[in-house]
Amino acid sequence: MKKYLTMVPLLAGAAFLASVGVSSAEGKYTIGISNTVQGNGWREEMICAMKAQALASGEVTKLNIAHRNTDAAGQLEDIRNLISAKVNAIVVNPADPAGIKAGLEEATKAGIVVVAVDQAVTEPSAYIISNNQEQYAYLGAKWLFQQMGGKGEVFYMRGAAGASADSDRDKGFKKALAEFPDVKVAQEVFTGWQQDQGKQQILSFLATGAPFNGIWTSGIDNVIVDALVESQAPLVPVVGADNAGFVGQLSSVKGLVGAAVTNPGSIGGAGVTLALQILNGKKPAQQTVLVEPQLWENATEEGKAKLKAAADPSLSPEWPVSISIPDWTTYTKEQIVACKGPGE
């Protein structure tokens, strides 16, 4: 059973602490974190949200963080190291659900709470709190195909092959594609959610001279707009995430029509909150909690107003502007930007 939450503007929800019965004892827990992508602004915000929420909770003595570029085999090794370190909970962004299932099962058997963030896992004992990735892709793709007039060629820029978020987004993209039979995929690439790789891929595609009428990106977006501008290529409609740089471009780049779909990296902080909730004996009624995305576009006055309200040029261009999730994160903007956990 799944619980659905709607993503709303950036307000920290203080009410959640009272509702889950947080203990007055401070610094009781050690939480392990496993993440397999570095050099990506979204993942960096996720890690900072985990640190900030652990600090704001007052309940975490230490974070044991495994944060590196690796595959499922490397992540499985990291998870087993966290088990050996006897952490109380593990918050994991999975590289591949099947590849780490054994490690998550071992963690549960060792009495460790397991929470997956951002993406689903197949281990049934794990709890999941994630952005609704299928809906993320569907909302953006449907809007894009409408902007294309229901026909033409789309450059399809996916995330990391094998990642469950990418697989879910592919389902959403293809669901929208099925509703627009005259829209075709000009080319499909995997960016690995890496800025440099994504920019090189769009530049290589532009060099072919192949026709295209729109670009859908899996959150690698501001550098795609940069490439179009630098190459003096047609500014076709572009869909990306709510990264600060792209949100700013949607209001500042003349001639650019586009939409940002919310996908808060602050889901990492929500994962820490959920882990603490469970450790304190307050298990959720549902195993999976999904945060529902919103779409902010610059093709209407209403959409422009939403983009203006969401914009935050003080953030790193690659950080989502959705730096908190109501009822799930309680840190301040200063705390997440400082990116300091307990004891740092």
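I began at Ser34: its side chain makes a polar contact with the side chain of Gln75, at 3.0 Å. A polar contact here is a pair of N or O atoms within 3.5 Å; within protein, one must be able to donate a hydrogen and the other to accept it, and residues adjacent in sequence count only if both atoms are side-chain atoms.

I noted the ground rules. This is a predicted model, where local features need pLDDT of at least 70, side-chain atom pairs count only at pLDDT 80 or more, and totals for chains, interfaces and linings use all residues. Residues are numbered from 1 along each chain as its sequence is written, and side-chain values use heavy atoms, with hydrogens and water left out.

I placed Ser34 in strand E2, residues 29–35. Helices (H or I, at least four residues) and strands (E, at least two) are DSSP runs, numbered from the N terminus. Ser34 has a relative accessible area of 0%, so I logged Ser34 as buried. Buried means under 20% relative accessible area, exposed over 50%, partly exposed in between (1.4 Å probe, protein chains only). I then listed what Ser34 touches beyond four places in sequence; Ala66, Asp78, Ile79 and Leu82 are among them. Contact means heavy atoms within 4.5 Å.

Next I looked up Thr36, in the loop between E2 and helix H2 (41–57). Thr36 is buried too, at 6% relative accessible area. Its contacts include Arg43, Arg68, Asp71 and Ala95. Gln75 and Asn93 are on the list for Thr36, and Gln75 and Asn93 are also on the list for Ser34.

**Val121**

I found Val121 in the loop between strand E5 (113–117) and strand E6 (127–131). Its relative accessibility is 10%, so Val121 counts as buried. Val121 touches Pro94, Pro97, Ile100, Leu104, Ala116, Ala126 and Ile128, not counting residues up to four places away in sequence. I also checked Val121 against Ile83: they are 38 residues apart along the chain, and their C-alpha atoms are separated by 18 Å.

**The six-stranded sheet**

I traced an open, mixed sheet of six strands, in the order E8-E7-E9-E10-E11-E13. Strand E8 (183–190) and strand E13 (295–297) are the edges, each pairing on one side only. Neighbouring strands are turned by 20° against each other on average, direction ignored. Two strands pair if DSSP finds at least two bridges between them.

I went through the parallel pairs. Strand E7 (residues 152–158) and E9 share four bridges, with Tyr156 partnered by Trp216 in E9. E9 and E10 pair over two bridges, and Ile215 stands opposite Val238 in E10. E10 (residues 238–241) and E11 (residues 258–261) pair over four bridges; the partner of Val239 is Ala259.

What covers the record of strand E9 (residues 214–217) on its two faces? Gly214 and Trp216 on one side and Ile215 and Thr217 on the other are all buried, so both faces are covered. **Helices H8 and H9**

Axes are lines fitted to C-alpha atoms, for helices over the stretch in contact, and angles run from 0 to 180 degrees between N-to-C directions. Asn222, Val225 and Asp226 in H8 meet Gly245, Phe246 and Gln249 in H9.
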